[in-house]
Amino acid sequence: MTCSTDHKGLLEYVRKSTPPPFLLKTYMLIEDPATDDVVSWNGDGTAFVVWQTAEFARDLLPTLFKHSNFSSFVRQLNTYGFRKVATSRWEFCNDMFRKGERELLCNIRRRKAWSNKQQPAVAGAVAAGGQESDEDQRSSSTSSSSGYTILVDENKRLKKENGDLSSELTSMKRKCKELLDLVAKYANSEKQEDDDDERPKLFGVRLDVGGDQKERKRKRTIEISERASILLSQSCK
């Protein structure tokens, strides 16, 4: 009887001194600097952040957990007492899960199903007799709600940017039309002037009998050039 008791005590000691595989694998993922752009510790190392959920589920989860379901990963975190501590990003915290303190993982235990006795709740007083699956469902629902809010905000931001770009495009089209109209007007005025020019021709070439015509043409060219420069500069702003 004593030998059996000692054996059970040894097994219990080993169980308590060895972190659960899920926590070890998660810790390994976060500690790997090669994946910092996807998942990493927060600034003070008291929580970790999944920066890119799609890449995390597709590329990292299958390497250690043999699945690619981000929701299942979040539910697993909930069963070990992790909390989502930010609404704008997927940041998870547990007092015993910290950067550089791997030995604390042994203090994290999987939540057991509720018994008939009243148990303390993380988020407040909860009636006795519930099961951990209910807690998982509530946590999953909260996470889904937060994710939906993020998507809605992102959609609003993209719509605003799209509206701004449409306004800029409309303005540029208007400036280009004004520039083309200016060039067409200049070409028409040149043709009209040539038709109205009464100077004599020699072998099809107008004889320059006065400098007034040339001076007017020079001034008009300068004026049109300046207006075109203004339109181009406005289009590039």
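Accessible areas come from the Shrake-Rupley method with a 1.4 Å probe. On that basis the protein, which is a predicted model, exposes about 16,500 Å², with carbon and sulfur atoms supplying 55% of this area. Of its 237 residues, 27% count as buried.

**Overall architecture**
- The secondary structure comprises six helices and six strands, and from the N terminus on these elements follow the order α-α-β-β-α-α-β-β-α-β-β-α.
- When contacts between residues at least 6 apart in sequence are considered, 52% of them join residues at least 24 apart.

**Aromatic pairs**
- The structure holds 16 aromatic pairs, one of which is formed by Trp 41 and Phe 97, a tilted pair with 5.5 Å centre to centre and 40° between the planes.
- Trp 41 belongs to strand β1 (residues 39-41), whereas Phe 97 lies in the loop between β4 (90-93) and α5 (132-196), so this pair ties together parts that are 56 residues apart in sequence; both Trp 41 and Phe 97 are buried.
- Phe 48 and Phe 92 have ring centres 5.6 Å apart and planes at 35°, so this pair is tilted.
- Because Phe 48 is part of strand β2 (residues 47-50) and Phe 92 part of strand β4, their pairing ties together parts that are 44 residues apart in sequence; Phe 48 is buried, and Phe 92 is buried too.

**A charge over a ring**
- The charged end of Lys 84 is placed over the ring of Trp 90, at 4.8 Å from the centre of that ring.

Definitions and conventions
Residues are numbered from 1 along each chain as its sequence is written. This is a predicted model: local features need pLDDT of at least 70, side-chain atom pairs count only at pLDDT 80 or more; totals for chains, interfaces and linings use all residues. Side-chain values use heavy atoms; hydrogens and water are left out. Rings of Phe, Tyr and Trp (its six-membered ring) pair if their centres lie within 6.5 Å; planes under 30 degrees apart count as stacked, over 60 as edge-to-face and the rest as tilted. Helices (H or I, at least four residues) and strands (E, at least two) are DSSP runs, numbered from the N terminus. Buried means under 20% relative accessible area, exposed over 50%, partly exposed in between (1.4 Å probe, protein chains only). A charge sits over a ring if NZ of Lys or CZ of Arg is within 6 Å of the ring centre and within 35 degrees of the ring normal. Contact means heavy atoms within 4.5 Å.
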